[in-house]
Amino acid sequence: MPTEQDFDLSAAGLRSDGTDLRISVEVLAEKLEQSLPGRARVERRGGGLLGRGPKRVHEVRVELGGCCYQLTVAGDRVEGSRERQVGGIAIKREPLQPDEWVAALTADLRAEAERSAEARAALERLLG
């Protein structure tokens, strides 16, 4: 079974910049889509003139428990945030550095995995 350290290495790439950052976000987005179907949404946009170039991750959004995690990519910048929600209404939004975003999402997913077999399976896929 994969360890927490395996996933933390994916997060470490989010601390770098340039090409490595772009690749890290693409890998992380794909892992989240596969591991959390229905909870993770990834928006991709084309680059180049008129957006006709290769599609790249623009935004990652994960709904988990009472939180909505959002990671936005703009050029070489990655910005993360977490919204706490009650009844679908955001009551608090806090900015997070990309590595903090991954750590917070992982912690919430672990907490939910203790309560749910579905979340436990998702966590295993994400760490794999």
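What follows is a short chat about the predicted model shown above.

Reader: What kind of model is this, and how are residues numbered?
Author: The model is predicted: local features need pLDDT of at least 70, side-chain atom pairs count only at pLDDT 80 or more, and totals for chains, interfaces and linings use all residues. Residues are numbered from 1 along each chain as its sequence is written, and side-chain values use heavy atoms, with hydrogens and water left out.

Reader: What secondary structure does the chain have?
Author: Four helices and five strands, in the pattern α-α-β-β-β-β-β-α-α along the sequence. Helices (H or I, at least four residues) and strands (E, at least two) are DSSP runs, numbered from the N terminus.

Reader: In what order do the strands sit in the sheet?
Author: The sheet is open, in the order S1-S2-S3-S4-S5, with antiparallel pairing. Two strands pair if DSSP finds at least two bridges between them.

Reader: Which are the edge strands?
Author: S1 (40–46) and S5 (89–96); each pairs on one side only.

Reader: How many bridges join S1 to S2?
Author: Seven, with S2 covering residues 55–64. Gly46 has Lys55 in S2 as its bridge partner.

Reader: Which helix packs on the sheet?
Author: Helix H3 (residues 98–115), which touches S2, S3 (67–74), S4 (77–86) and S5. Touching is contact, meaning heavy atoms within 4.5 Å. The direction of H3 makes about 150° with that of S3; axes are lines fitted to C-alpha atoms, for helices over the stretch in contact, and angles run from 0 to 180 degrees between N-to-C directions.

Reader: Different topic. How much of the chain is buried?
Author: 40% of the 128 residues. Buried means under 20% relative accessible area (1.4 Å probe, protein chains only).

Note on methods:
Buried < 20%, exposed > 50% of the residue type's maximum accessible area, 1.4 Å probe, protein only.
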